[in-house]
Amino acid sequence: VQLQASGGGLVQAGGSLRLSCAASGSVFVVMGWYRQAPGKQRELVATITSDGIIEYADFVKGRFTISRDSAKNTVYLQATSLKPEDTAVYYCNVRALPARQYWGQGTLVTVSS
């Protein structure tokens, strides 16, 4: 399985970014994004299943949108109204049957105040 994430960068507070993660090598039942800020544990941001069921962390509801192109095995995260506290390394995560998960290399998002 290979994951290629992109789209991170530096943005001002209130700005937007779009993260992408292209996966290959399996059929993925769940695709999503986690993040890890300095000194903090990795946390869920959003996930989307192959059936289109979506889960968001409370702190991104109304600001971030996850989507998926199943034909391309690619998951996207549209992040808007970014806050300095959204600064973190964002990791793509995918899950395949049976009970396997894989992590991307991480992409840094920095939000300046």
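Two strands count as paired if DSSP finds at least two bridges between them. Strands themselves are DSSP runs (E, at least two residues), numbered from the N terminus.

## What you're looking at

This is a predicted model, where local features need pLDDT of at least 70 and side-chain atom pairs count only at pLDDT 80 or more, while totals for chains, interfaces and linings use all residues. Residues are numbered from 1 along each chain as its sequence is written, and side-chain values use heavy atoms, with hydrogens and water left out.

Four strands make up an open sheet in the order 1-3-8-7, and the pairing is antiparallel. At the edges sit strand 1 (2-6) and strand 7 (64-69), each with pairing on one side only. From one strand to the next, the twist averages 15° (axes are lines fitted to C-alpha atoms, and angles run from 0 to 180 degrees between N-to-C directions).

Now zoom in on one pair. Strand 7 and strand 8 run antiparallel and are joined by six bridges. Here you'll find S67 standing opposite Y76 of strand 8.

## Salt bridges

Side chains of opposite charge can pair when their charged atoms come close. The structure has four salt bridges (a side-chain nitrogen of Lys or Arg within 4 Å of a carboxyl oxygen of Asp or Glu). In one of them, R35 pairs with D86, with the closest N and O atoms 2.9 Å apart. That pair links distant parts of the chain: R35 is in strand 4 (residues 28-36), D86 is in the loop between strand 8 and strand 9, and they are 51 residues apart. D86 also meets R63 in a salt bridge, at 2.7 Å from N to O.

Are R35 and D86 buried or exposed? R35 is buried because its relative accessible area is 6%, and D86 is buried at 1% (buried means under 20%, exposed over 50%, partly exposed in between, using a 1.4 Å probe and protein chains only). K61 and D58 form another salt bridge, at 3.1 Å between the closest N and O atoms. K61 is exposed at 51%, and D58 is exposed at 64%.

## Around T80

T80 lies in the loop between strand 8 (74-79) and strand 9 (88-96), and is partly exposed at 26%. Leaving out residues up to four places away in sequence, T80 touches G15, S16, R63 and F64 (contact means heavy atoms within 4.5 Å). T80 and S16 are 64 residues apart in sequence, but 4.3 Å apart in space, C-alpha to C-alpha.
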